[in-house]
Structure formats: structure tokens, C-alpha cells
Amino acid sequence: MSRLASAMLCLLGLLLTALPASAQELPPWGTGESRGEDLSVYLVTFGPGDDVPSWFGHGSLVVEDQKQHQSRLYNYGMFSFDERMLLRYAMGRLEFWVDDASPAATFRFYRSLNRDVRLQELNLTPAQKVELGRLLAENVLPQNRDYLYHHYNDNCVTRLRDALDKVLGGQLHAAASGPGRMTLRDHTRRYTDVGPPMSLLLDFLMNDEIDKPTTRWQEAFLPDELERQVAELQVMGADKQHHPLVSRSFTLYAAQGRPATPARPPGYASVLLLLGLALGGMAMGLAVWGRGGGRAPRILLGLQSVLVGLVVGIPGLALFIMWLGTDHTVTYRNENLFLANPLTVLALPLGFLLMRGSPRAREWMWRLWVVLAALGVLGLVLKALPLFDQDNWRLIALLLPQWVGMAGAMTLGRSTVAVGQVAPPLASTLKASGN
């Protein structure tokens, strides 16, 4: 059987076993039948996957009643994939919900995707197990299961963290109140390092909200971080003594051939600066080449402008719209709007006009690139003020040299055109004098 067919069968099994609680019999820990001594609770950590949403990994909780021979996996990462979902996500109002499923079917599904499946059995008191089981069973009820998703503050892992902290009487939060290892942006960049173009786009779209100093509690929006913190935690037991929260850890499946998540974010700022300088220098070189009125340099310079409008202008326009018209607070007041904004989209049509030889295109492009370069320089100068503390140096290094280079190229081309416009009448005058 092919890997795709196997994955589809596992997904079908997962969907069939993930019926809403209102449509299936409540588990014994949801009806109060289970005894704490018979319950086992596991924190499950799934490793990163291939698609962008799964790059950060995933987590769930499993409750098992060994006497009743029943177990359920609680997954707070459920959402519907349709046109309404895409619209809600675009507006920053994506609804997720929690559902319960068969642990075995879920583990088979993640194994088919070649993703780690790691379990930690939690050393909770019988009373804490009963409380957690009841809490999870209540959460899947139709009136309780929905929540408004936020990638950093309220996601499928923070919900697990909060549930564990509640039954532990705040011990997890207290232990994780110290400073975090890095900012939320740094965490995001190290997890998205597997896809540099998407990583750079996400870096561009997010503001300084994710550049503030963090606590370990905030870092536990990531499955791996919550797994690490749970493994380190010592909690007060029923005997009033401190014990490790994790009684045992084991791996059901280890992903094959998948690169490990870097411990630190990638340091490619110097590479981006060199690329920005090269592209800005290329624009200047094309302008020098085109001083003789050649067609090829004009077309290439127009093409470069078109690509900028596509690759940078459209994200800049999207960023502006997300600030003004959506609930994506992480995009508001983004300093990258100094570098890319709705004006940058104009590079697209003006570039096409320049390629076609429009006499007015060069003048309008000169105005556009002078304004964009000036805005970029302004954004750089404002970094001296405490208010402008966004960690966007990588984007400045990549884009500002290009904008300055394009502005210089348009200025050089503009002066060349001006000389060309004066020369014919002067030549005619000299010729007439000779006669």
C-alpha cells in the first residue's frame, strides 16, 4: 500500500473516532465513574511536519482508565478547512476546537506523516487525575469546545499548559515565571528555518509584539518547550514531598531523516545584506549600461521593478490591509511598512511600462523610488528612538540597499533622458550654422 493511501486510511480512522462528545458515550472519567488510582495521564508531543502549520509540532493529552480499558486523546488543534476558514483566518478570527479521538489511530496517523510521537506519563495525584479527566471531558462538549485561536497566546499547546497548571494549583506557572531563553520571534525563526522564503515572509509580517522579553511560561506555546518544562518540574505530591512531574518518558515513533529544529535562530543577516547590495548595485549597473539608450538595459531594469512589485509590493499591501482591517494584532504598526507598503505595488505596472518604452514611465518611477528610498532611510533613522524597537534589521539589510540602488538608477536614467532631449535641437542648430 502506498504511503498516501496509508495516510488517508489513518486520517479516515482518526475522523471516525473523533466524533463530538454529544454524539458518543462519555468516558468514565467524564461521568465520575473512574477512580484516580485507575487513571493514567500522558502528555503527547508530536514532532514537526512538512507543511507550514505543522512546522512547530503539536501536542495532546491522553487519559486512560486501565480498569475500564478505555482511553481518549484530547486534541485542541481541530479546525475546518473550507472557504469560510480561509476568510476567518485572513481576518484573524480563526476558530479552533477540542475533540477527543482514539490514541492508537492518532499515533498511526502521525507515524504515517513521519512525525515524532513522544509520551510523558504524568505523576499526578489520584485527585488531580480525576480533576483533569473531568476538565477534558467537559471541554469537548459542544458548548465548551470552541475557542479563538492565537498562535502565541492561545493555541493547541497553551490549552494543555493551562489545564495542567490548573490541576497542579499553579505550580507549573510559578516554575515557569522566570525569563525565557529567547524572544517569540527568535523561536519562530528557528522553527521556520526549514523554509527560508516563508520564514522571511513571516519575519516581515510580524511587528515588535513578538520582540519583547519573554518568560518560560510564554515560551510554552511550543510543544517542545512545554515538554521540556514538564520534564524539569518538581511538584508537591500527596505525601507533601516534591516529586518529578514525569514518572516516565518514551518514544513511540522517531521520525526518519527529518532535520532537528535548530537550537538558535539562523544568522543570515550578512547574506541578506550582500544580496541587497548586489541587487541595488545591479540596478545602478543597468542604468549606467543604458546611458547610451540601449533597449536591453531598459527592459532588464523594468523587469527588476516588476519583480520587486510582485515579491515585495504585494506582501507590503497585504501588511497594510492586515493592520487596518483585521484582528491580526501581531501585524499592527509594523515598521516594515517603511520598506514595503501600498506604494511599492506601483513598481509592478510602472516596470511593465518602462519595459514597453513608455516615455513617462521613467519619470514616475524616479518619483516612486525616491519616495520609497526616503521612507526606508527614515525607518532606519527612527531606529535610534526607543519606540522603534522592532527586530527588522534583516529586512532593512535586504531591502533598503535595493531601494537606494533603484532610486539612484532612476535618477541616472532621468538625467540621461534629459540630455538626450536637449541634444537634437543643439545638433540641428550647429548643422544649420555650417550651411
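**Close-up views of a predicted model**

**View 1. Glu 227 and Arg 118 form a salt bridge.** In the contact between Glu 227 and Arg 118, the closest N and O atoms are 2.8 Å apart; a salt bridge here is a side-chain nitrogen of Lys or Arg within 4 Å of a carboxyl oxygen of Asp or Glu. Because Glu 227 lies in helix α11 (residues 223-232) and Arg 118 in strand β5 (residues 117-122), the pair ties together parts that are 109 residues apart in sequence. Helices (H or I, at least four residues) and strands (E, at least two) are DSSP runs, numbered from the N terminus. Both Glu 227 and Arg 118 are buried, where buried means under 20% relative accessible area, exposed over 50% and partly exposed in between (1.4 Å probe, protein chains only). The model is predicted, so local features need pLDDT of at least 70 and side-chain atom pairs count only at pLDDT 80 or more, whereas totals for chains, interfaces and linings use all residues. Residues are numbered from 1 along each chain as its sequence is written, and side-chain values use heavy atoms, with hydrogens and water left out.

**View 2. Asp 203 and Arg 394 meet through their side chains in a salt bridge.** The N to O distance in this pair is 2.8 Å. Asp 203 belongs to helix α9 (residues 196-205) and Arg 394 to helix α17 (residues 393-434), so that the pair links distant parts of the chain, 191 residues apart. Asp 203 is buried, as is Arg 394.

**View 3. Glu 335 and Lys 383 form a salt bridge between two loops.** The closest N and O atoms of Glu 335 and Lys 383 are 3.2 Å apart. Glu 335 sits in the loop between α13 (295-325) and α14 (342-345), while Lys 383 sits in the loop between α16 (361-381) and α17, and the two residues are 48 residues apart. Glu 335 counts as buried because its relative accessibility is 7%, and Lys 383 counts as buried at 13%. Elsewhere, salt bridges that share partners join Arg 185, Asp 203, Asp 211, Asp 391 and Arg 394 into one network; a search of the whole structure finds 24 salt bridges.

**View 4. Helices α12 and α13 pack at an angle of about 150 degrees.** The axes of α12 (residues 269-289) and α13 are 8 Å apart; axes are lines fitted to C-alpha atoms, for helices over the stretch in contact, and angles run from 0 to 180 degrees between N-to-C directions. The two helices are therefore roughly antiparallel to each other, given that angles under 35 degrees count as roughly parallel, over 145 as roughly antiparallel, 65 to 115 as roughly perpendicular and the rest as oblique. Leu 279, Met 282, Ala 283, Leu 286 and Trp 289 of α12 make the contact with Ala 296, Pro 297, Leu 300, Leu 301 and Gln 304 of α13, contact meaning heavy atoms within 4.5 Å.

**View 5. Helices α9 and α13 pack at an angle of about 40 degrees.** Here the axes are 10 Å apart, and α9 and α13 are therefore oblique to each other. On the α9 side the contact is made by Leu 201, Phe 204 and Leu 205, and on the α13 side by Pro 315, Gly 316, Leu 319 and Met 322.

**View 6. Thr 344 is placed in helix α14.** With a relative accessible area of 0%, Thr 344 is buried. Leaving aside neighbours within four places in sequence, Thr 344 is in contact with Val 308, Gly 309, Val 312, Gly 313, Leu 339, Leu 372 and Trp 403.

**View 7. Asn 114 has a positive phi in a residue other than glycine, and so does Arg 333.** Phi of Asn 114 is near 60 degrees; this residue lies in the loop between α4 (103-112) and β5, and is buried, with a relative accessible area of 14%. Phi of Arg 333 is near 45 degrees; Arg 333 lies in the loop between α13 and α14, and counts as exposed at 58% relative accessibility.

**View 8. The chain comes to 17 helices and 9 strands.** Buried residues make up 48% of the 435 residues in the chain.
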